[in-house]
Amino acid sequence: MRHRLSLAGFLVLAFSLLTGAAIAAAPGGRVELVDPYRTYDSRDLGTKQPVTWAYIGSGVFTVTAFHPTAVGSAVIHPCDEAAPSGESTFRLTDTEQVQYATFATAEEVCLTATVPLHVVVDRRGTVSTTPDPARSQYVALDQAVTVWDGPTTTEQQVVRIDRPAALSADATAAVVSLEVLTSDARGYLHAWDCDGNGPLNADVNYDRERAANVAYVPIDAGDDLCVFAFKPAHLRVRLLGELAPEGPNPALLPPTWRYVPGEVPAPSLRSIVPERVLDTREGVGRPGTSKVEVDEVVELRFGDLVGPLTTAVVLNVTAVAPESPGHVTAWPCGGDRPVVSNLNFVAGETVPNLVVAKLGPGGTVCLSGTSRHHLVADLNGTFETDGGLLAQPISPERILDTRKAIGVPTTTKLAAGTTLELQVTGGTVPDGAGAATVNVTVAGPDAAGHVTVYPCDQPRPTASNLNFVAGQTVPNLVTAKLSADGTLCFHSVATTHLVADVGAWYGVDRSTGLIDLDPERFLDTRKAIGRAGTSKVPAGTFISVPIAGRGDVPVGAEAVVVNLTVTAPEGDGFVTAWPCDQSMPTVSNLNYVAGETNPNLATVKLAANGTLCLYTLATAHLVADVSGYLTDETVEGDEPVLE
């Protein structure tokens, strides 16, 4: 099926990791590729209605499943067998999806779906069980060879891959796995012989979710491979084998992707350029422009920015112009409001804080405050069960301090209305990282203003990450997408010093994901929660807080997502959080002045015994609310298998 794609309106080409059919490997045969032609289209039937069953046949096919009527799945299987339970070729998570699967089979196969959908079948070749010398045989490599793995492509980029050395001179086609590991927008891939015709048919389609397919690319001796990416994506190409005149196993056919129940990594981060999803001053995300009343609940919806595979969201929430002191709480809608706070403020203060919030059953997050105020929320990312960037928590490290020429060549302040470009990768954060969690602090600003953090290869968004008044030292945690070359941009509307401490980075080859939790209080020195007694933590000392093995955080958790709050401090100071089995780093997680109640979110690596250390410069009470943890333990899910 050929789609005409443009920036303004095109068929949605989205699917989760596309899997091949659950089809028996034998009997195999020899393959002959042909120019594609259509053999079935449910839209051409008399009723033009979606179907739940379709006959495909035998041979080499691309099957397109699109516009399901609801969330469900579909599987390709031998027609003389029942559809297998627990396996799927297509995972249908959106009614606008279009998904492709390409495979070869000598058996007659059919498609069975759990929900009505449209189906198109394009024949791309035939399979014969007889050793016809005019046909090609599949010859598998002993081990797949990765021939391309990032960086993120540019828009409408052609990736040229030197002819893999593992391809024989006699190869008639390369058999490759095309995988999109991360993406920001709807797009498609097409692979071809660079000396042949350009993109005509999609081999993989994606829409911010992980996606993959096996492609057969006809190739002549000496020719390179080309892959066209319509929208920016982190692309991985692996050579699985080739079609050739002869091979060791005449019954072997190329592999396919499929999903089977199994152990999979915990949900991973899909970082995005910040997008404003709530602004009660402008009627965004909530009708009207009035302030949020005391204890009023705002149900925050995210539209197509989240889907059935989204478990949690990363939000920067800001309270604007509160009329009295108070706090804001975020929690998954559908449950009771927990006894925690995400950000605290005094009358007239504009205060932001990063929030990692579990989604409720309806895919929403609820916000409510104890004061009348405006609310603003910017979406910075989502956590997905199927695709994204996996976390690597690290001991906090300072990567920017304009006061000390760390990360910059001078000790001058960032001038008002200008942008600082910071190289994040290349040191502790390796090249290829796609996002980072950074604690950003403004120090000594000359006037009131805000800072926006964003990937340097994207336009500056209409969002803010931290707000401040003249002379204030204030931090906020930021989880931000990195540019293709590993940089972050910091734009300030007022002249100020900037400090940044990195606590985690995210990449496609990590094994650590997020388990989101309903917020729970793990420490409150005012109430002897997490620590004996109700006295303040003395100035210049630290306390060890047990995290792993308490509440819903299991033993073995690698890091914790925790909202730290200082209350009633007896002087100006800061709080530092770090794993207790390491030395205290030269960083800060939150800053405060005497008498102030101030929160900040932190993602902190845990010690081997599951503890978290907190240091305060001035005598103060400390509070810690846990909303999730990072783990390299697998969870139950659908495992993508290439076989």
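Predicted model: local features only at pLDDT ≥ 70, side-chain atom pairs only at ≥ 80, totals over all residues.
Let me begin with Asp-625, which forms a salt bridge with Arg-521, the closest nitrogen and oxygen atoms being 2.6 Å apart. Asp-625 sits in strand E38, residues 621–631, and Arg-521 in strand E31, residues 513–524, so this pair ties together parts of the chain that are 104 residues apart in sequence.

Now to a second pair. The side chains of Arg-270 and Glu-384 meet in a salt bridge, with a nitrogen-to-oxygen distance of 3.7 Å. Here again distant parts of the chain are linked, with Arg-270 in strand E15, residues 268–279, and Glu-384 in strand E22, residues 374–384, the two being 114 residues apart. Arg-270 is buried, with a relative accessibility of 6%, and Glu-384 is buried as well, with a relative accessible area of 5%.

Which residue does Arg-160 pair with in a salt bridge? The partner is Asp-224, and the closest N and O atoms are 3.2 Å apart. Arg-160 belongs to strand E7, residues 157–161, whereas Asp-224 lies in the loop between strand E11, 211–218, and strand E12, 225–229, so that the bridge ties together parts 64 residues apart in sequence. Are the two partners buried or exposed? Arg-160 is partly exposed, with a relative accessible area of 47%, while Asp-224 is buried, with a relative accessible area of 17%.

Finally, I would like to turn to Arg-124, which is placed in strand E5, residues 98–128. Arg-124 is buried, with a relative accessible area of 16%, and its side chain is joined to that of Asp-203 by a polar contact of 3.5 Å. Leaving aside residues up to four places away in sequence, Arg-124 touches several others, among them Glu-32, Leu-33, Val-34 and Pro-36, then Val-60, Phe-61 and Thr-62, and also Asn-201 and Ala-202 beside Asp-203 itself.

Notes:
Residues numbered from 1 in each chain as written. Heavy atoms only, no water. Helix = DSSP H or I, 4+ residues; strand = E, 2+ residues; numbered from the N terminus. Buried < 20%, exposed > 50% of the residue type's maximum accessible area, 1.4 Å probe, protein only. Polar contact = N/O pair within 3.5 Å; in protein donor to acceptor, adjacent residues only side chain to side chain. Contact = heavy atoms within 4.5 Å. Salt bridge = Lys/Arg side-chain N within 4 Å of Asp/Glu carboxyl O.
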